[in-house]
Amino acid sequence: MMADLMEKDALIEKLATTCAYLGRHIPFNQLATSEDVIAIKKLRFEVINSEPEELDFNTIVKQCDETMLRHGY
């Protein structure tokens, strides 16, 4: 499913929330090298720089949820 502008905004917020959650649940000295943190930051950059129609809302939300679950959410 392609996203609209409001969904793109929601995705940016979801990715920021996921990144903040990881920041609280991964030891500080591991943040810079954490594959999950790197992946979420990269995905957030891609979402910000994409047109809403290029984004798959459900897939990105699922990625965020799975990442948070791996870290105890």
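The axes of helix 1 and helix 2 come within 10 Å and cross at roughly 160°, where axes are lines fitted to C-alpha atoms, for helices over the stretch in contact, and angles run from 0 to 180 degrees between N-to-C directions. The two elements, helix 1 and helix 2, are therefore roughly antiparallel to each other, given that angles under 35 degrees count as roughly parallel, over 145 as roughly antiparallel, 65 to 115 as roughly perpendicular and the rest as oblique. The model is a predicted one, in which local features need pLDDT of at least 70 and side-chain atom pairs count only at pLDDT 80 or more, whereas totals for chains, interfaces and linings use all residues. Residues are numbered from 1 along each chain as its sequence is written, and side-chain values use heavy atoms, with hydrogens and water left out.

The secondary structure of the chain comes to three helices and zero strands, with helices (H or I, at least four residues) and strands (E, at least two) taken as DSSP runs numbered from the N terminus. From the N terminus on, the order of the elements is α-α-α. The radius of gyration of the chain is 12 Å, close to the 11 Å that the globule rule gives for 73 residues, so the chain is as compact as a globular protein of that length; the radius is taken over C-alpha atoms, and the rule is 2.2 Å times the number of residues to the power 0.38. Along the principal axes, the C-alpha atoms fill a box of roughly 35 × 20 × 15 Å. Buried residues make up 32% of the 73 residues in the chain, where buried means under 20% relative accessible area, exposed over 50%, and partly exposed in between (1.4 Å probe, protein chains only). Of the contacts in the chain with a separation of 6 or more, 76% are accounted for by residues 24 or more positions apart, contact meaning heavy atoms within 4.5 Å.

Helix 1 passes helix 2 in a left-handed crossing, a crossing being left-handed if the near helix is turned anticlockwise from the far one by less than a right angle, and right-handed if clockwise. On the side of helix 1, the residues involved are Lys8, Leu11, Ile12, Leu15, Ala16, Thr18, Cys19 and Leu22, which meet Asp36, Val37, Ile40, Lys41, Leu43, Arg44, Val47 and Ile48 in helix 2. By class, this contact of helix 1 with helix 2 has 11 nonpolar, one polar and four charged residues, with Ala, Val, Leu, Ile, Met, Phe, Trp, Tyr, Cys and Pro counted as nonpolar, Asp, Glu, Lys and Arg as charged, and the others, Gly among them, as polar.

Helix 1 (residues 5-25) also packs with helix 3, at an angle of about 10° and with the axes 10 Å apart. Helix 1 and helix 3 are therefore roughly parallel to each other. Their contact is formed by Glu7, Ala10, Leu11, Lys14, Leu15, Thr18, Tyr21 and Leu22 of helix 1 together with Phe57, Ile60, Val61, Cys64, Asp65, Thr67 and Met68 of helix 3, and these residues divide into 10 nonpolar, two polar and three charged.

For the remaining pair, the axes of helix 2 (residues 35-48) and helix 3 (residues 57-70) come within 11 Å and cross at roughly 160°, which makes helix 2 roughly antiparallel to helix 3. The crossing of helix 2 past helix 3 is left-handed. Asp36, Ile40, Leu43 and Val47 of helix 2 make the contact with Ile60, Gln63, Cys64, Thr67 and Arg70 of helix 3, a set that divides into five nonpolar, two polar and two charged residues.

Thr18, which lies in helix 1, is buried, with a relative accessible area of 0%, and, not counting residues up to four places away in sequence, Thr18 touches Ile40, Cys64, Thr67 and Met68. Lys8, likewise in helix 1, is buried at a relative accessible area of 12%. Leaving aside neighbours within four places in sequence, Lys8 is in contact with Ala3, Val47, Ile48, Ser50, Pro52 and Leu55; the C-alpha atoms of Lys8 and Pro52 are 5.6 Å apart in space, although the two residues are 44 residues apart in sequence. His25, found in helix 1, counts as partly exposed at 43% relative accessibility, and is 25 residues from Ser50 in sequence and 29 Å from Ser50 in space, C-alpha to C-alpha. Asp56, in the loop between helix 2 and helix 3, is partly exposed at 32% relative accessibility.
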